[in-house]
Amino acid sequence: MKIYYSATSPYVRKVMACAIIRGLDGRIEKQASNPHASPEDLLADNPLSKVPCLVTDDGLSLFGSQLICEYLDSLGDALPLFPAQGAARWRALKFQSLGDGILDAAVPCRGEQGKPVEAARDAQIARYKAAMSRAVDALEADPPHKHVDIGSVTVACALGYLDFRFGSDPWRAGHPKLAAWYEGFAQNKGLAETAPV
Ligand SMILES: N[C@@H](CCC(=O)N[C@@H](CS)C(=O)NCC(=O)O)C(=O)O
């Protein structure tokens, strides 16, 4: 396995801590990467240009520390870090969300603090839009299935949010397969009843 790695990323740290705890770190090759420079190799595996990104021995690229940690939990026979069920599972996942939530605020906050005000705002908006655009391109190349699972539901919610908040910058142009998938999938009761207004 290979991980796109930044020594100061707390999300990378979380993944590597889990790998070490479960005795898997020896199976992971570290590739130093600066996600803010959007290097081609990282973009090829993660259109969001973020680290950590893990490429499995099967060639599957996984990004988002929660997903990567869950994948690592499926390997080997050490005790799992994701309790299988019951109160222990929900308590562990709740704390994972809380810890990640702190980082989701702290990491961009730290990044913005070092920049001049206007330049920081414009550069950050451009960067966010580029990540959204690459992610929509990736979904057009490989749209979700009609099957309802946590992945297709999350993608539909994300596209609905783009309609809701970025309607003047429509994502459907140039993405006909994804648009067709979304039109059908958005009819699902759970999506229809939760559409933002
Ligand atoms: N939700 C992601 C967040 C990853 C993340 O934001 N990583 C930072 C490094 S600490 C990054 O790659 N930033 C680049 C960017 O936001 O453009 C995770 O849990 O892995």
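How far is an oxygen atom of the ligand from an N or O atom in the side chain of Ser65? The separation is 2.6 Å.

## Before we start

This is a predicted model, where local features need pLDDT of at least 70 and side-chain atom pairs count only at pLDDT 80 or more, while totals for chains, interfaces and linings use all residues. Residues are numbered from 1 along each chain as its sequence is written, and side-chain values use heavy atoms, leaving out hydrogens and water.

## Around the ligand

Ser65 is one of the residues surrounding the ligand, and the list also includes Ser9, Tyr11, His36, Lys50, Val51 and Arg127 (near here means a heavy atom within 4 Å). By class, that shell has five nonpolar, five polar and two charged residues. For the bookkeeping, Ala, Val, Leu, Ile, Met, Phe, Trp, Tyr, Cys and Pro are nonpolar, Asp, Glu, Lys and Arg are charged, and the others, Gly among them, are polar.

Lys50 puts a side-chain N or O atom 3.0 Å from an oxygen atom of the ligand. With Val51 it's a backbone N or O atom, 2.8 Å from a nitrogen atom of the ligand. Taken alone, the ligand exposes 510 Å², and the protein buries 82% of that (Shrake-Rupley areas, 1.4 Å probe).

## Helices α1 and α3

Ser65 turns up again where helix α1 (residues 10-21) packs on helix α3 (residues 65-73), at an angle of about 10° and with axes 10 Å apart. Helices are DSSP runs of H or I, at least four residues, numbered from the N terminus. Axes are lines fitted to C-alpha atoms over the stretch in contact, with angles from 0 to 180 degrees between N-to-C directions. The two helices are therefore roughly parallel (under 35 degrees; 65 to 115 is roughly perpendicular).

On the α1 side, Tyr11, Lys14, Val15, Cys18 and Ala19 meet Ser65, Gln66, Ile68, Cys69 and Leu72 of α3 (contact: heavy atoms within 4.5 Å). These contact residues divide into seven nonpolar, two polar and one charged.

## Helix α7 and its partners

Helix α6 (residues 150-165) and helix α7 (residues 176-185) have axes that come within 11 Å and cross at roughly 105°, which means α6 is roughly perpendicular to α7. Among the residues in contact are Val155 and Leu159 of α6 and Trp181 and Phe185 of α7. The contact comprises eight nonpolar, two polar and one charged residue.

Helix α5 (residues 117-141) packs on α7 at about 80°, axes 7 Å apart, so α5 is roughly perpendicular to α7. Here Val136, Leu139, Glu140 and Ala141 of α5 meet Pro176, Lys177 and Leu178 of α7.

How values were computed: Angles under 35 degrees count as roughly parallel, over 145 as roughly antiparallel, 65 to 115 as roughly perpendicular and the rest as oblique. A polar contact is a pair of N or O atoms within 3.5 Å; within protein, one must be able to donate a hydrogen and the other to accept it, and residues adjacent in sequence count only if both atoms are side-chain atoms.
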